[in-house]
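Trainee: I would like to go through this model and ask what stands behind the terms used for it.
Mentor: Go ahead, one term at a time.

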Amino acid sequence: MKTFLETVLAEADYQPVRLLKILRAVQAHYRHIPETAIDILTDKLNIPRTQIIAVVEFYSFLHSTPQGRYDILFSDSITDRMQNKESLLSYAAETLKVKVGEVRKDELVSLNNTSCTGMCDQGPAGLINGYPLPRLDRPKIDTIAALIEQETPLIDWPAELFQVEETLYKPGLLLTQPFSNGDAIKATFNRGLTETLAEVDLSNLRGRGGAGFKTALKWRTCAVQAATPRYVICNADEGEPGTFKDRMLLNLYADQVFEGMTLCAAIIGSTQGLVYLRAEYLFLYEKLQKILQNRRDQGLLGSNILGQAGFDFDIEIRMGAGAYICGEASAQIESLEGKPGIPRTKPPNSVICGYLRKPTVVDNVETFFATTHIAIKGGQWFADVGTPQSTGSKLLSISGDCARPGIYEYPFGTRISEILSDCGAEEVMGVQIGGPSGTFISNRELERTLAFEDLSSAGSFMVFNKTRNIFDIVQNFTEFFAHESCGFCAPCRVGTSLLKNQLNKIIDGHGSAVDMEKLSEICLIVKNFSHCGLGETAANPILTTLASYPELYVEQLKRSGFSPGFNLDATLAIARHLTQRDDSGAHLSQQVEN
Amino acid sequence: MSGTLTIDDQTIPFSDGQTIIEAARTAGVYIPHLCHRPGYTPHGSCKLCTVKVNGRTCSACTFPAAEGQKVVNNSEELQEARLRITQMLFVEGNHFCPTCEKSGNCELQAVGYHLNMLDNHFPHFYAHRKVDASHPDILIDHNRCIFCNLCVRASRESDGKDVFGIAGRGIHKRLIVNSPTGQLKDSNISVEDCAVQVCPTGAILVKRTGYKTPIGGRIYDQHPISTIACKKRETDAT
């Protein structure tokens with residue numbers, strides 16, 4: 001193990017900030033993080049072992065016990081569930097003779113659920129040893145099971161099993177622009193750095209990651225900080241269930257994203273860029289590395305870029321390890337420093353005190369992509385599209401009940417009804433805009449518009465038709481937040497789990513009117529008192545559906561005013577297990593109907 | 001630089017670099033809290049010290065005091081929310097005051113009294129947590145840990161060690177010990193360490209000392225936490 005770790009550590013330059021990279025390599029090799037590896041890493045990296053254990057336990061893709069040699073995860077997004085994921089998962093468990101959440105005795109295979117893998121347009125999807133398995137069905141499960149039983153190495157599996165399709169149904173303002181490598185950097189230097197920042201300002205571009213902060217203001221604030229070095233971080237951790245537009249951009253337009261980072265570096269005076277790539281997009285890693293190398297070969301990265309004396313900049317890709325919260329900028333920075341992704345306390349903002357406590361610009365993939373074209377075409381060109389408060393266009397990842405799930409680009413201000421008609425959605429019950437942390441709108445609100453001032457979205461757009469049960473949706477989202485809460489602050493750590501249990505009680509028909517009040521009460525505590533955006537939005541699925549469909553919640557309630565705080569029959573489970581009884585006499589009913 | 005701000009219409013001074021909670025404490029104004037201790041790096045995780053600063057929700061323990069701030073601390077809305085958050089902490093772990101030797105010296109219990117907490121309000125999680133009694137002089141009862149991070153900070157910042165850490169995610173958070181076995185006996189902790197003394201609940205206890213002071217004569221039996229927390233305490237870092 002020592003020799004292996006020495007190689008891994010050398011590749012990471014013995015830097016504790018690359019702890020995730022190191023642990024990912026250990027996980028891939030030993031299928032878990034063995035105790036002895038923790039001992040060695042503690043020693044070699046000179047960090048407390050508690051930090052390593054905290055990181056291992058924080059990230060879903062790192063484990064302290066061995067996983068199967070073939071580790072299969074099923075994406076558990078609501079759209080996967082709508083595409084029969086549950087029955088496929090059971091089928092996989094049966095076929096592979098392994099229980100969900102467990103490792104088979106011979107350690108050949110393990111099977112579990114995972115949060116949305118960014119394949120909602122081609123679900124139900126899974127991951128095997130980190131690589132995507134889109135469009136799963138029973139025949140594919142049979143094929144996979146056979147390959148596993150024959151112990152065929154992944155590299156020899158049929159490529160079509162892993163084939164990710166990028167379907168662009170409606171390219172708009174940005175996706176239709178012609179581009180050659182270096183165009184935006186040349187335009188930036190020809191115009192001047194200050195002048196280019198003025199163009200970004202004029203464009204009124206706002207961050208595409210969801211918060212909508214004005215990009216030019218962020219860059220200018222960073223540029224005027226006295227501290228150096230300054231860092232450029234590309235947030236490629238789109239973990240919001242239902243979003244996959246950054247996947248498409250990195251798969252097909254990576255040069256334009258890297259070029260946006262490069263011109264940002266020129267403007268803010270940075271030499272080092274980082275891409276935080278979500279673990280679920282491991283399949284893009286090698287491809288992106290090649291593109292970066294190609295850009296170095298073309299003089300677009302490295303020293304004296306495009307002959308500009310003193311303009312040095314390079315980009316490193318760092319992989320995440322499965323944690324939705326790392327999409328939050330300051331949590332992402334913590335993760336990039338080799339720690340659990342716990343959002344930092346503000347002030348100070350990351351722009352002033354970011355990566356390694358230095359000034360840092362963190363922007364979304366789509367934001368950098370947009371700045372590339374703004375640098376070429378100018379700010380007015382961009383500002384002419386959209387609404388005054390939301391200029392330009394927005395990429396949407398459309399999934400769910402529609403004929404044409406995929407990528408669409410719309411000018412801001414477009415009506416939801418128009419989008420629904422384009423993607424072939426019929427008999428719509430409602431749309432989840434901006435993912436679980438966003439807004440659920442019912443079919444009475446389809447004339448609302450896509451814009452920061454109305455319905456803002458980082459890119460997730462999930463369509464539900466009238467056959468869907470609203471509670472299946474809310475339950476899935478609420479479970480998601482409880483699973484992804486980092487646990488730092490009390491209201492979110494405890495509150496999201498309380499919400500999950502309280503909602504389930506009502507959905508299961510055990511709720512009374514008092515339980516509805518408690519549900520609303522927990523919602524408000526979690527929303528108003530949490531440390532970061534995850535907690536602030538975790539109650540949105542309940543709050544927004546409660547606003548649209550109060551009658552559905554009321555229908556779920558028991559008629560009686562009293563309802564026990566616990567399930568009597570479930571409490572007897574341990575006694576049943578101990579006595580090995582499961583007959584009717586070993587069960588108790590607490591349903592007292594009047 | 002220094003100046004004044006108002007908390008619930010009371011004008012109080014602050015000095016440069018102070019947080020709102022520190023300015024308040026200096027002026028004798030109590031803002032409920034559990035994860036804060038003077039002298040330690042602010043954490044901002046328990047959220048009990050949430051106040052409204054010029055209408056905006058902030059943690060008083062991390063938010064810098066500034067000239068002219070209008071701070072709302074003692075409103076009905078905030079006290080109600082603090083009560084609910086305290087109840088969340090009670091149902092998350094396993095807290096049984098009558099059988100806990102920290103009773104009367106426990107900040108969690110004292111905050112509960114301060115907020116007039118009469119029940120747990122939420123369903124219990126009945127979490128399965130362990131006790132680490134391996135160390136000859138110190139006991140960790142994980143059932144009572146509220147993840148305030150004070151022992152982690154005290155060990156690092158005052159003791160110059162790194163005995164504790166917090167691992168896990170969400171509701172599965174847990175306190176861990178920096179030793180090859182994970183047990184406290186194999187760590188370099190000693191009974192005099194600040195990390196041992198600072199725990200606001202009965203999660204970290206010194207063995208064989210629990211009943212030296214009889215119940216009734218303990219800190220919060222004598223005075224409410226609202227007065228104690230505004231004075232300098234032995235376990236403060238400064």
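Trainee: How many residue pairs are in polar contact between chain A and chain B?
Mentor: The model is predicted, and the count between the two chains is 18 residue pairs, both residues of a pair being at pLDDT 80 or more. On the side of chain A that touches chain B, helices H4 (49–58), H18 (470–484), H19 (490–507) and H20 (513–529) of chain A each give two or more residues. H19(A) has the largest share, eight residues.

Trainee: Why is the pair Arg493(A) and Glu92(B) called a salt bridge?
Mentor: The closest N and O atoms of Arg493(A) and Glu92(B) are 2.6 Å apart. The cut-off is 4 Å between a side-chain nitrogen of Lys or Arg and a carboxyl oxygen of Asp or Glu, so the pair qualifies. Across the interface of chain A and chain B, the rule finds four salt bridges.

Trainee: What makes E7 and E10 of chain A paired strands?
Mentor: Five bridges join strand E7 (residues 230–236) to E10(A). Pairing needs at least two bridges, so these strands pair. They run parallel, and Cys234(A) has Asp363(A) in E10(A) as its bridge partner.

Trainee: Why is E10(A) called an edge strand?
Mentor: In the open sheet of four strands, the order is E9-E8-E7-E10 (chain A). Strand E9 (314–319) and strand E10 (360–364) of chain A each pair on one side only.

Key:
Residues are numbered from 1 along each chain as its sequence is written. Chains are lettered from A and ligands numbered from 1 in the order in which they are written. This is a predicted model: local features need pLDDT of at least 70, side-chain atom pairs count only at pLDDT 80 or more; totals for chains, interfaces and linings use all residues. Side-chain values use heavy atoms; hydrogens and water are left out. A polar contact is a pair of N or O atoms within 3.5 Å; within protein, one must be able to donate a hydrogen and the other to accept it, and residues adjacent in sequence count only if both atoms are side-chain atoms.
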